[in-house]
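Here is a short briefing to read with the model open on your screen. Take a moment to find your way around the chain, and then follow the points below.

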Amino acid sequence: MIAVQEKKKEIIEAFQFRHATKAFDPTKKISEEDFQFILETGRLSPSSVGYEPWKFLVVQNQELREKIRAVSFGAQGQLPTASHFVILLARKNARYDSAYVQQLLRDVKEIPEETLAQMNEAYRSFQENDLNLFESERALFDWASKQTYIALGNMMTSAAQIGIDSCPIEGFNLENVTKILENEGLLEDGAFGVSVMAAFGYRAQEPNRAKIRQSAESVTKWIY
């Protein structure tokens with residue numbers, strides 16, 4: 001019981017420690033081992049029906065960072081200073097019958113053929129009827145993009161637990177960032193779209209105030 005209480009205390013302390021770091025100490029770099037750990041917590045994250053519709057671009061090239069910075073008002077301080085900068089991509093076509101999903105189920109998850117047909121029908125109904133994902137390409141992409149935020153949250157939390165700072169970033173021009181990545185050949189001929197960004201490193205200075213959140217009572221409702 002003591003070990004459990006200590007672990008809970010450590011986790012809450014990590015959440016208290018984490019803040020949206022606007023500028024990092026450029027002289028401090030995350031070790032390869034530590035960043036591989038952060039990436040692994042993203043890779044192991046859950047996703048709806050296990051489709052894992054993401055890719056993590058770790059942008060260490062300074063020239064590319066500057067191109068992105070020019071069209072990212074929310075990353076002006078982070079892009080030049082972050083030890084590691086990640087762009088989370090989401091698959092545009094994570095339909096149940098897409099080549100990607102079928103390859104994932106057959107070759108990665110090794111689903112037997114006799115089970116695959118049943119799964120495909122169940123996932124078709126889930127995507128088409130339950131969530132109405134086939135009403136537009138945007139609906140399907142937005143669903144995939146939601147999954148990347150699960151991975152992002154886990155990556156930032158795991159980073160905080162080992163004393164590494166982070167900042168999630170949505171402050172960018174989607175069209176322009178997409179064009180930049182397309183020109184670099186990083187969207188795999190349109191298979192992926194840009195979902196969200198995140199910067200990782202070590203804070204240049206301490207935040208000027210403690211973390212402020214709404215009360216637990218105002219954001220929670222128990223229904224018995």
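Let's start in a loop: N132 sits between α6 (113-130) and α7 (137-161). This is a predicted model, and in it N132 has a positive phi of about 55 degrees although it is not a glycine.

**Loop residues with positive phi**
- N132 is partly exposed, since its relative accessible area is 41%.
- E188 is also not a glycine, yet its phi is positive, at about 50 degrees.
- E188 counts as partly exposed because its relative accessibility is 37%.

- Strand β2 is mostly covered, with eight of its eight residues buried.
- In a regular strand, side chains alternate between the two faces of the sheet.
- On one side of β2 lie H84, V86, L88 and A90, on the other F85, I87, L89 and R91, and all of them are buried.
- Strand β1 (residues 54-58) runs antiparallel to β2, and five bridges join the two; here V58 stands opposite V86.
- β2 and β4 are also antiparallel, joined by eight bridges, with R91 opposite F192 of β4.

**A closer look at L88**
- L88 belongs to strand β2, which spans residues 84-91.
- Is L88 buried or exposed? L88 is buried, because its relative accessible area is 0%, and the cut-off for buried is under 20%.
- Leaving aside residues up to four places away in sequence, L88 touches K55, F56, T148, L152, G193, V194, S195 and V196.
- L88 and E135 are 47 residues apart in sequence, and their C-alpha atoms are 24 Å apart in space.

**The nonpolar cores**
- The largest nonpolar core has 23 residues, of which I68, F85, I87, L89, L181 and M197 touch the most other members.
- Two or more residues of this core come from each of α3 (62-69), β2, β3 (165-169), α8 (174-183) and β4 (192-201).
- β4 gives the largest share of this core, four residues.
- F85 has contacts beyond four places in sequence with L57, V58, V59, Q60, R65, A75, L79, I169, M197, A198 and A199.
- A second, separate core has 17 residues, among them L39, F56, L88 and V196.

Definitions and conventions:
Residues are numbered from 1 along each chain as its sequence is written. This is a predicted model: local features need pLDDT of at least 70, side-chain atom pairs count only at pLDDT 80 or more; totals for chains, interfaces and linings use all residues. Side-chain values use heavy atoms; hydrogens and water are left out. Buried means under 20% relative accessible area, exposed over 50%, partly exposed in between (1.4 Å probe, protein chains only). Contact means heavy atoms within 4.5 Å. A nonpolar core is a set of buried Ala, Val, Leu, Ile, Met, Phe, Trp, Tyr and Cys residues joined through side-chain atoms within 4.5 Å. Two strands pair if DSSP finds at least two bridges between them.
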